[in-house]
Amino acid sequence: MHAYTNNYCNNMKLPIGIQDFESLRIDGYAYVDKTAQIYRLISEGRYYFLSRPRRFGKSLLITTLKALFLGKRELFRGLAIDQKEDWDWAVHPVLHLDLNTNKYDRAEVLEQKLGESLRVWEQEYGNPRPDLPLGMRFEKVIEQAYKVTGQRVVILIDEYDKPMLQAIGNNKLQEEYRATLKGFYGALKSMDGCIKFALLTGVTKFGKVSVFSDLNNLVDISLDYDAYDICGITEEELLSVFAERIDMLAQRNGLTHEECVAKLRKMYDGYHFEENAPGIYNPFSVLNTFMKNKFGSYWFETGTPTYLVELLRNYYYDLDKMAQAEVTADVLNSIDADSKDPIPVIYQSGYLTLKGYNAEFKKYVLGFPNEEVEEGFVKYLAPYYLNNIDRKTSFNAEEFTMDVRSGKPEQFLERLKSLFASAPYDSTTGDKENHFQNMMWVVFKMMGFYSHTEYHTSDGRIDLLVETTLYRYIMEFKLDGTAEEALQQIKSKDYQLPFQVDEKKIFLIGVNFSRETRTIEKYLIDDF
C-alpha cells in the first residue's frame, strides 16, 4: 500500500475538517492513499453512485478525482496511481457541484444553487443560456465544455441528497425537489457521448428521485466489495500510516500498543459495506482521537438529524429490534420519502451497518457498527423518551445502576416509576405499550447493561431481558392490565427455562403501566 505521510510522525498534520485534496497535499497533511481504488473504479466504468455516512471522506474522494482529472500529477507523486503507466494525465473539464453548503428550506434555494453553478460554468466555457430550464442549461454546458476543450467532461456531484434529506416530512417540498433534480440529472444520460466519468455521492439513496429510477446507466457501488474501502480507514491503513500516533495515544492513556489498538477497534471500527468485506474505521473519529490523544464520541458531537428520532417515535418502532434488524438489499438500497420504515434512513445515515448475511433468504443482518455509535445513539435518544434523566432529585443514575448490579429490583423499579411519571408522552394513537418498552430499553442500555426487547424463547417472547454479571431480570409488561397477569405470563410460558443452566440469580418481574398516570401502576417480583 502506498500512503503519504510526513516523515516527522510525532508532528504529523492531521487533516481534520480538510476535505480538499489539493490543499491537503500542498500543506503536507497525512493522506491515506485511495488512488489504487480510484484507478480501478475509473478503469471499470463511467457512471457511479456511492453512499456513505456523513464525515466519512466522500468530499475528499470527490476532490481527489477532481485533481486527478485536471491532470495535477505533482499532487500524486508517491501515490499508487503515479505508478500506473497507462494513466495519461490528460486535462479534462471538470464540473464539480457541492450541494452540502446550503440550507434547503425553500424550493427556490435549490434552483438558485444549481443556477449559480451553471452560471459559473457558462462563464468558463462560453455560450450562456439563462433562458433555458436548468436541465437543458446543464446539457448545453456539458456540450460546450467538450467542444471548447476537446476532452470529454467529468461530472462530480457531492452530497446530491442534501435537499431531499432536509425536506423529509415535507411532502410538497419533496415533490418540488424531485421535479428539479429529475430535469437536472437527466443531462447525465442525454449527453453520454460528451462525458468521460461521473460520480454522485450522498448519505442516502432516494428511490423516487429519477436519477435512480430513470438514469439506468448509473451504477450503485455502495454495497460492492471492490469499493468497500474507497472511503474510511482500514485496519491495515491505520496501523501503517498512524503507527506512531497510536503509540502516542497509548502512552497518554496508560495503555500498551495492543490495548490501544483494541480500544480503537472497539470504539471506531466495525462499518461493513459488503457482507464479506473487512471492517472500516470512522476516519473523523480516529483523526480526532489522535489529535486530542483522548477517546471520545467525536462523530456524534457533529450533530445527529432529528428526523431519525422522529421516525422512530412517530411509528413506535421497537428500538432493540432496530439494532438487530434483518432486511433485503432492496430495503437498504433505496429510501422512499413516504415510507414509515426508519431502518433504511438509519442504516444509510451510518447508525447501523452490516453485521451478517443470510444467503438462503438473501437478507442482511444489521447492528451498531461500534461502541461509539451504540452509546452515542442511545444517549441521543434519551431526551426524546425521558425528559429528566439528569435530575438527581427524581432519578439518580449511579444509584439506579448499583441497584441493578446488586440484585435490588424493587429499588430500581421505584426509581423508574418516578422517572417515567414526568417523561414526555404524546396522545398519538398506536402501540403505547411499545412506548414504555422503549423507555425501559433506553434507560438500561444507557447505563451499560445488556438489554434485549422481544427476546424469543421456545414458547413466546420476553418483553425485556436485562443481564448483569450476577443477575438476570425477565420482565413482562402490560398496559392498563395487571401486574398479576404479566407475572403469570412469565411463569406459564416458562420464560426462565433457557437460563437455568448458569448460576445467575433470576428475577421474574411483572409490570403494569397506566395510560392515565403515564408510569408504572404496579409491579410484582418473584425470584427463581
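Both Tyr351 and Phe377 are buried, where buried means under 20% relative accessible area, exposed means over 50%, and partly exposed lies in between (1.4 Å probe, protein chains only). The model is predicted, so local features need pLDDT of at least 70 and side-chain atom pairs count only at pLDDT 80 or more, while totals for chains, interfaces and linings use all residues. Residues are numbered from 1 along each chain as its sequence is written, and side-chain values use heavy atoms, with hydrogens and water left out.

**The sheet**

Helices (H or I, at least four residues) and strands (E, at least two) are DSSP runs, numbered from the N terminus, and two strands pair if DSSP finds at least two bridges between them. Five strands form an open sheet with parallel pairing, in the order E2-E3-E4-E1-E5. E2 and strand E5 (219–220) stand at the edges with a single partner strand each, so one side of each is left without a neighbour in the sheet.

| Strands | Bridges | Sense |
|---|---|---|
| E2 (residues 94–98) and E3 | five | parallel |
| E3 and E4 (residues 195–202) | five | parallel |
| E1 (residues 47–51) and E4 | five | parallel |

Particular residues can be followed across these pairings: the bridge partner of His96 in E3 is Leu156, the bridge partner of Val154 in E4 is Phe197, and Tyr47 stands opposite Ala198 in E4.

Strand E3 (residues 153–158) is mostly covered, since six of its six residues are buried. In a regular strand the side chains alternate between the two faces of the sheet. In E3, Val153, Ile155 and Ile157 point one way, whereas Val154, Leu156 and Asp158 point the other way, and all are buried.

**Aromatic rings**

Rings of Phe, Tyr and Trp (its six-membered ring) pair if their centres lie within 6.5 Å, and planes under 30 degrees apart count as stacked, over 60 as edge-to-face and the rest as tilted. By this rule the count comes to 33 aromatic pairs. The rings of Tyr225 and Tyr228 have centres 5.2 Å apart and planes at 45 degrees, so this pair is tilted. Tyr225 is partly exposed, with a relative accessible area of 39%, whereas Tyr228 counts as buried at 12% relative accessibility. The rings of Tyr351 and Phe377 have centres 5.1 Å apart and planes at 35 degrees, so this pair is tilted. Tyr351 lies in the loop between helix H18 (343–348) and strand E7 (353–358) and Phe377 in helix H19 (residues 371–385), so the pair ties together parts that are 26 residues apart in sequence.
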